[in-house]
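Have the sequence and the 3D view ready.

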Amino acid sequence: MGLGGCIILIAVGAILTFATDWEAQGVNLDMVGLILMAVGIIGVATFTSIARRRRAVVPPVAPTVVDPTDERRY
């Protein structure tokens, strides 16, 4: 699940918790929304920590200077 999926989970959870007044028999939609938001937040934290570790720092490559007056062949 990528960053977009985590943000969608947070948004759907917030909608279920704060913006709806639906009542389902046997299901507490407020609790489902809170669980979705918690899973989304955990996913964002996990994704950012893994993305930070995967980023590799590549040192810049120094240009090679060739002296045209040098008679040696490499």
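## F47, partly exposed

F47 counts as partly exposed, because its relative accessibility is 29%; the label covers the range between buried (under 20% relative accessible area) and exposed (over 50%), using a 1.4 Å probe and protein chains only. You'll find F47 in helix α2.

## How to read the model

This is a predicted model, where local features need pLDDT of at least 70 and side-chain atom pairs count only at pLDDT 80 or more, while totals for chains, interfaces and linings use all residues. Numbering starts from 1 along each chain as its sequence is written, and side-chain values use heavy atoms, with hydrogens and water left out.

Now over to helix α1, residues 3-19, where T17 lies.

What does T17 touch, leaving out residues up to four places away in sequence? The list is D30, G33, L34 and M37, with contact meaning heavy atoms within 4.5 Å. The side chain of T17 also has a polar atom 2.9 Å from the backbone oxygen of G13, and this side chain reaches the backbone oxygen of D30 at 3.4 Å.

## V39, also partly exposed

V39 belongs to helix α2, which spans residues 29-54. With a relative accessible area of 39%, V39 is partly exposed.

Notes: Helix = DSSP H or I, 4+ residues; strand = E, 2+ residues; numbered from the N terminus. Polar contact = N/O pair within 3.5 Å; in protein donor to acceptor, adjacent residues only side chain to side chain.
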